Amino acid sequence: MRRLRVGRAPGRPRERWPARPVRLLAATAAVTALALTASGCVTVHGELALVPPATEAEAAQALADFTDAFNRADKAHDPALDADRVTGPLGEINQAGLRARAVTSPDGNAKHKPLELTDARFLLPRKAGWPRWFVADTDSNRDVDRGDEDQRWLLVFVRNGPQEQWKATYLNVLGVTEVPEFAEEEGYAVPVAADTDALAVAPGKLGTEYVAYLKDGKPGPFAAGPHTSGWREQREQSARRPGLATQYVDRVTDRGTFAPLGLRTRDGGALVFFATRYFERQTAAPGYRPKVPKDVKALMTGEVKSTVTREWVSSQAVLVKPAGTARDGVTVTGRLQGVVGAVGS
């Protein structure tokens, strides 16, 4: 898995991303190929063969195409300009954010500042059938390349068939030291099955476990940290604000383009991406109305009289230890969330 410097594709104008996508992708601040190539050609029974999802050159092109589209969309505040390059949790957050900003800043993004993604390493897991996917581990020009401030942006791309384009479905920003060493087989990354019994928690069960933990906080597989114990504490503080009752309801979201995806790490564990959805309901005391930010109001249906309910999509990157680790077997290393809808009543 070599690192490639990824810039613009030959003949394309140089475009970049905006700063701090973890903030810009969300509606509120908190936090792609055309046809089968040699690597993707299969026989009639090719759905049974283990093949890489793409060549490194194809993966680099997918990253460049996504970046170009995302920049155009962000500059114009037009979700249609990158709708065919995003999907899943990232797509839902991205599209909702652009729809909101098209209302609040209809003339476009006056502060648009393109982003460069370089030093790309492509993690290409071989698998049978569709969908196929890979991870782009990249460096951005929106951090400080030293110490604790140095970060890596991990984008997960998925393609559902030979005639489909590569689309980005997950994004998480991790500190350089948080990116694990990945296992390899014959030079390729190693995917983990959703129902594997080789991990402390199977990827397919992470959403259910996370939702249960956020509800009751009972000791279990999740290690303490800002996206677990800290997130629960933050919610509890919000619920105690005078004159405003706040309730949270979390939902498992793990089907289709929201399916969890994971890669084996050298220590026998895995880095897994998964998503959840939650609803934040705020009810004001009699005679008052909840304050609604303009970017949330842009996505709202109904009229706020005493209550506003925000719908959020949240995607997590977690490090899962090998099986046999009953406690603290899962560490949430990154979380990207964004408001995707709201209802007033």
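Is Thr 208 buried, partly exposed or exposed? At 45% relative accessibility, Thr 208 counts as partly exposed, where buried means under 20% relative accessible area, exposed over 50%, and partly exposed in between (1.4 Å probe, protein chains only). The structure is a predicted model, in which local features need pLDDT of at least 70 and side-chain atom pairs count only at pLDDT 80 or more, whereas totals for chains, interfaces and linings use all residues. Residues are numbered from 1 along each chain as its sequence is written, and side-chain values use heavy atoms, with hydrogens and water left out.

**Helix α4 and Thr 208**

- Thr 208 belongs to helix α4; helices (H or I, at least four residues) and strands (E, at least two) are DSSP runs, numbered from the N terminus.
- Thr 208 and Thr 276 are separated by 68 residues in sequence, and their C-alpha atoms are 8.9 Å apart in space.

**Aromatic pairs**

- Rings of Phe, Tyr and Trp (its six-membered ring) pair if their centres lie within 6.5 Å; planes under 30 degrees apart count as stacked, over 60 as edge-to-face and the rest as tilted.
- The count under this rule is 13 aromatic pairs.
- Tyr 210 and Phe 222 make a tilted pair, with 5.3 Å between centres and 55 degrees between the planes.
- This pair links distant parts of the chain, 12 residues apart: Tyr 210 is in helix α4 (residues 206-216), and Phe 222 is in the loop between α4 and α5 (229-239).
- Tyr 210 is buried at a relative accessible area of 1%, and Phe 222 is buried at 6%.
- Trp 231 and Tyr 278 make an edge-to-face pair, with 5.9 Å between centres and 65 degrees between the planes.
- Because Trp 231 lies in helix α5 and Tyr 278 in strand β10 (residues 270-284), this pair ties together parts that are 47 residues apart in sequence.
- Trp 231 is buried, with a relative accessible area of 6%, and Tyr 278 is buried at 2%.
- One aromatic cluster is formed by Phe 66, Phe 70, Phe 122, Phe 134, Phe 157 and Trp 166.

**Charges over rings**

- A charge sits over a ring if NZ of Lys or CZ of Arg is within 6 Å of the ring centre and within 35 degrees of the ring normal.
- Arg 335 lies over the face of Trp 231, at 4.3 Å from the ring centre.
- Arg 132 lies over the face of Trp 130, at 4.0 Å from the ring centre.

- Just after α2, His 77 adopts a positive phi of about 55 degrees.
- His 112 is located in the loop between α3 (88-104) and β2 (117-123), and is buried at a relative accessible area of 18%.
- The side chains of His 112 and Asp 74 are joined by a polar contact of 2.8 Å (a pair of N or O atoms within 3.5 Å; within protein, one must be able to donate a hydrogen and the other to accept it, and residues adjacent in sequence count only if both atoms are side-chain atoms).

**Nonpolar cores**

- A nonpolar core is a set of buried Ala, Val, Leu, Ile, Met, Phe, Trp, Tyr and Cys residues joined through side-chain atoms within 4.5 Å.
- The largest such core has 67 residues, and those with the most contacts inside it are Phe 122, Phe 134, Leu 155 and Phe 157.
- Strand β10 supplies the largest share of this core, seven residues.
- Another core, of six residues, lies apart from it and includes Val 292, Val 296, Val 304 and Ala 342.
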